[in-house]
Amino acid sequence: MAGLKDATAIVGIGQTPFAKHLPEDERTLACRAVLAALDDAGIAPGEVDALASYTMEETDEVELAKACGFGDLTFFSKVGFGGGGSCATVAHLAAAITAGQASVGVAWRSRKRGSGPRPWTNTTVQLPTPAQWTRPYGLLRPVDEIAMLTRRYMHEYGATRDHLFNVALACRNRANQNPAAIMYDRPLTREMYMTSRWVSEPLCLFDNCLETDGALACVVVSAERARDCRREPVYVHSAAQSLPAQHHGMVNYWNDDPLTGPAWSAARHLWKHSDLAPEDVDVAQIYDAFTPLVLLSLEGYGFCGRGEGGAFTEGGALETGGLLPVNTGGGGLSEAYVHGFNLINEGVKQLRGTSTAQVPGASTCLVTAGEGVPTSALLLRN
């Protein structure tokens, strides 16, 4: 992975509007996001020769390539495990371009989660093996599994709902600055948070991400090519994927410590191949399908010690001007939930200096994918 260091750059980003319901189908949304990213980069669709997305993406490469007018594709991949694959899509393209298998790569995610079905509601198919250890016992949804981990975290380390509120509030405050965010005009107060309904105790409504229709994409090229593109390049300084030994999605039943999730092993690989350390990160886009994932990720990626994620959030540490500004577009909790891809694009905006909640002088950004599942991460710099 050392060969990937600063060898490629993200030179274009694009997105559709976000909403609870959009009239277009997923393929149309994907095409619009991809073409917007290519236009942002100043690269013609016919130059694209590599694609990367998620196994859960329903717009396949053939349809996207025909609709957008791509040339011959020489590399294409898909990454599993939902939001855990977000950063890996960029990492796969970076590896392919560095290895000479492609020259212009596009990563994307298009999803109609706001108006579409909830994945766990399909009871007509046989449960996958991991789910046979959870769903018959009442852990029907991802939120139920994360709620169990959260309760254990609170019991062992003394974290409170106020710490979870700090995460939700930081994301909402940044969304209130972002006109593209679904929650742009909807402030959040502590009273609203503390009196909201339970979704899966101890997680309330505002501990859960949004349900969103929308699509996003980005364009990756070599560092040499990036110098001639329309936008200032944002370099992929380091990248990592992680599927820890004996991992069991969300609940980590078979690990010695279920609170030490995939973020820990992803972080070891990420920092090993980087010239930077956690203290060098100016801003972070941390996967936030649920508020406690941010606490676990703060620990896993080395911003604080074991069990200190809750305390780290105190005193406005996650806000602009704090110790580590996070999710500056609003994140999955308050901008949009598209399996974490908006975190990648927001990281690029920060390093271009164009974020709606710009961190002054930001030159490094950590972007993480889903904690609790096989995951991935990017360290970006300008």
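Me: What makes Cys 87 count as buried?

Reply: This is a predicted model, and every value here is computed from it. Buried means under 20% relative accessible area. Cys 87 has 0% relative accessibility, so Cys 87 is buried.

Me: How many disulfides does the whole structure hold?

Reply: A search finds zero.

Me: Is Cys 218 buried or exposed, and what makes it so?

Reply: Its relative accessible area is 0%. The cut-off for buried is under 20%, so Cys 218 is buried.

Me: Why is the pair Arg 225 and Glu 47 called a salt bridge?

Reply: The rule asks for a side-chain nitrogen of Lys or Arg within 4 Å of a carboxyl oxygen of Asp or Glu. Arg 225 and Glu 47 meet at 2.7 Å, N to O, so the pair passes. The search of the whole structure finds 20 salt bridges.

Me: What does the pair Arg 225 and Glu 47 tie together?

Reply: Arg 225 sits in helix H7, residues 223-226. Glu 47 is in the loop between helix H1 (26-41) and strand E2 (50-54). The pair therefore ties together parts that are 178 residues apart in sequence.

Me: Why are Arg 225 and Glu 47 called partly exposed?

Reply: Partly exposed lies between the buried limit, under 20%, and the exposed limit, over 50%. Arg 225 has 27% relative accessibility, so Arg 225 falls in between. Glu 47, at 34%, does too.

Me: How do you know that Lys 112 and Asp 213 form a salt bridge?

Reply: Their side chains meet at 3.9 Å, N to O. The limit is within 4 Å, so the pair counts as a salt bridge. Lys 112 is in strand E4 (residues 104-112) and Asp 213 in strand E7 (residues 213-222), so the bridge ties together parts 101 residues apart in sequence.

Me: Are Lys 112 and Asp 213 buried or exposed?

Reply: Buried is under 20%. Lys 112 has 16% relative accessibility, so Lys 112 is buried. Asp 213 has 0%, so Asp 213 is buried as well.

Me: What makes Arg 113 and Glu 211 a salt bridge?

Reply: The N to O distance between their side chains is 2.6 Å. Arg 113 lies in the loop between E4 and helix H4 (142-157), and Glu 211 in the loop between strand E6 (203-204) and E7, so the pair ties together parts 98 residues apart in sequence. Arg 113 has a relative accessible area of 9%, so Arg 113 is buried.

Me: Which residues are linked with Arg 113 in a network of salt bridges?

Reply: Lys 20 and Glu 211 are linked with Arg 113 in that network.

Me: How do helix H8 and helix H9 pack?

Reply: H8 spans residues 262-272 and H9 residues 291-300. Their angle is about 35 degrees, with the axes 8 Å apart. The crossing is right-handed. Ala 263, Trp 264 and Ala 267 in H8 meet Leu 296, Glu 299 and Gly 300 in H9. By class, this contact has four nonpolar, one polar and one charged residues.

Me: What makes Ala 289 count as buried?

Reply: Ala 289 has 5% relative accessibility, under the 20% cut-off, so Ala 289 is buried. Its place is the loop between strand E9 (283-285) and H9. Beyond its neighbours within four places in sequence, Ala 289 is in contact with Asp 207, Asn 208, Cys 209, Leu 333 and Tyr 337.

Technical notes. Residues are numbered from 1 along each chain as its sequence is written. This is a predicted model: local features need pLDDT of at least 70, side-chain atom pairs count only at pLDDT 80 or more; totals for chains, interfaces and linings use all residues. Side-chain values use heavy atoms; hydrogens and water are left out. A disulfide is a pair of cysteine sulfur atoms within 2.5 Å. Buried means under 20% relative accessible area, exposed over 50%, partly exposed in between (1.4 Å probe, protein chains only). Helices (H or I, at least four residues) and strands (E, at least two) are DSSP runs, numbered from the N terminus. Axes are lines fitted to C-alpha atoms, for helices over the stretch in contact, and angles run from 0 to 180 degrees between N-to-C directions. A crossing is left-handed if the near helix is turned anticlockwise from the far one by less than a right angle, and right-handed if clockwise. Contact means heavy atoms within 4.5 Å. Ala, Val, Leu, Ile, Met, Phe, Trp, Tyr, Cys and Pro count as nonpolar, Asp, Glu, Lys and Arg as charged, and the others, Gly among them, as polar.
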